[in-house]
Amino acid sequence: MAPGPRAPLDPELRQRLLQEARTPWRGLRRALWLAFSASAAVGLATMALRASAGGEVALSDLGIQVGALGLFGLLLWRDRAHDKGKERP
């Protein structure tokens, strides 16, 4: 028995599915960038509080935290800016 004619997809659903096929794992990738950025920010805040209390903070550790926050923040920003550019007609 042959299957009947298929109902056409909603154009909005079709567009979302095509976008997901072009950029797989986007949600997971953004969640990772956000989690890594938050982790670096917490580490940097902890170091700032330790330094304000008079404790020593190694310059290399501070550099790692600032670098991580900058890197993951940049990756998150570029990922979001890249998608906004694709959505333009």
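Buried means under 20% relative accessible area, exposed over 50%, and partly exposed in between, with a 1.4 Å probe and protein chains only. The exercises below use this scale. The model is predicted, so local features need pLDDT of at least 70 and side-chain atom pairs count only at pLDDT 80 or more, while totals for chains, interfaces and linings use all residues. Residues are numbered from 1 along each chain as its sequence is written, and side-chain values use heavy atoms, with hydrogens and water left out.

**Exercise 1. Describe helix α2: its span, its buried residues and what follows the helix.**

Solution. Step 1: the expected span of a helix is 1.5 Å times one less than its number of residues. Helix α2 has 27 residues and reaches 39 Å from its first C-alpha to its last, close to the 39 Å expected at 1.5 Å a residue.

Step 1: the buried residues in α2 are Trp33, Ser37, Ala40, Gly43 and Met47.

Step 2: just after α2, Gly54 takes a positive phi of about 100 degrees.

**Exercise 2. Classify Leu28 as buried, partly exposed or exposed, and name the surface patch it belongs to.**

Solution. Step 1: Leu28 is found in helix α2, residues 26-52. Its relative accessible area is 48%, so Leu28 is partly exposed.

Step 1: patches are made of residues with over 30% relative accessible area and no salt bridge; like charges are joined within 9 Å, and nonpolar side chains (Val, Leu, Ile, Met, Phe, Trp, Tyr) within 5 Å. Leu28 forms a nonpolar surface patch with Trp25, Leu32 and Phe36, and together they have about 450 Å² of accessible area.

**Exercise 3. Find the aromatic pairs and classify the geometry of each.**

Solution. Step 1: a pair of aromatic rings is described by the distance of the centres and the angle of the planes. Rings of Phe, Tyr and Trp (its six-membered ring) pair if their centres lie within 6.5 Å; planes under 30 degrees apart count as stacked, over 60 as edge-to-face and the rest as tilted. By this rule there are two aromatic pairs.

Step 1: the ring centres of Trp33 and Phe72 are 6.0 Å apart and the planes are at 25 degrees, so this pair is stacked. Trp33 lies in helix α2 and Phe72 in helix α3 (residues 59-87), so the pair ties together parts that are 39 residues apart in sequence. Both residues, Trp33 and Phe72, are buried.

Step 2: the ring centres of Phe36 and Phe72 are 5.0 Å apart and the planes are at 50 degrees, so this pair is tilted. The pair links Phe36 in helix α2 with Phe72 in helix α3, 36 residues apart.

Step 3: Phe36 is partly exposed at 37% relative accessible area, whereas Phe72 is buried at 18%. Trp33, Phe36 and Phe72 form one aromatic cluster.

**Exercise 4. Locate the salt bridges and say which residues they link.**

Solution. Step 1: a salt bridge is a side-chain nitrogen of Lys or Arg within 4 Å of a carboxyl oxygen of Asp or Glu. The whole structure has two salt bridges.

Step 1: Asp79 and Arg29 meet at 3.0 Å, N to O. Asp79 lies in helix α3 and Arg29 in helix α2, so the pair ties together parts that are 50 residues apart in sequence.

Step 2: Asp79 also meets Arg30, at 3.8 Å, N to O. This pair links helix α3 (Asp79) with helix α2 (Arg30), 49 residues apart.

Step 3: Asp79 counts as buried at 9% relative accessibility, Arg29 as partly exposed at 28%, and Arg30 as partly exposed at 25%. Arg29, Arg30 and Asp79 are linked in a network of salt bridges.

Definitions and conventions
Areas by Shrake-Rupley, 256 points an atom, 1.4 Å probe, with all protein chains shown as cover. Helix = DSSP H or I, 4+ residues; strand = E, 2+ residues; numbered from the N terminus.
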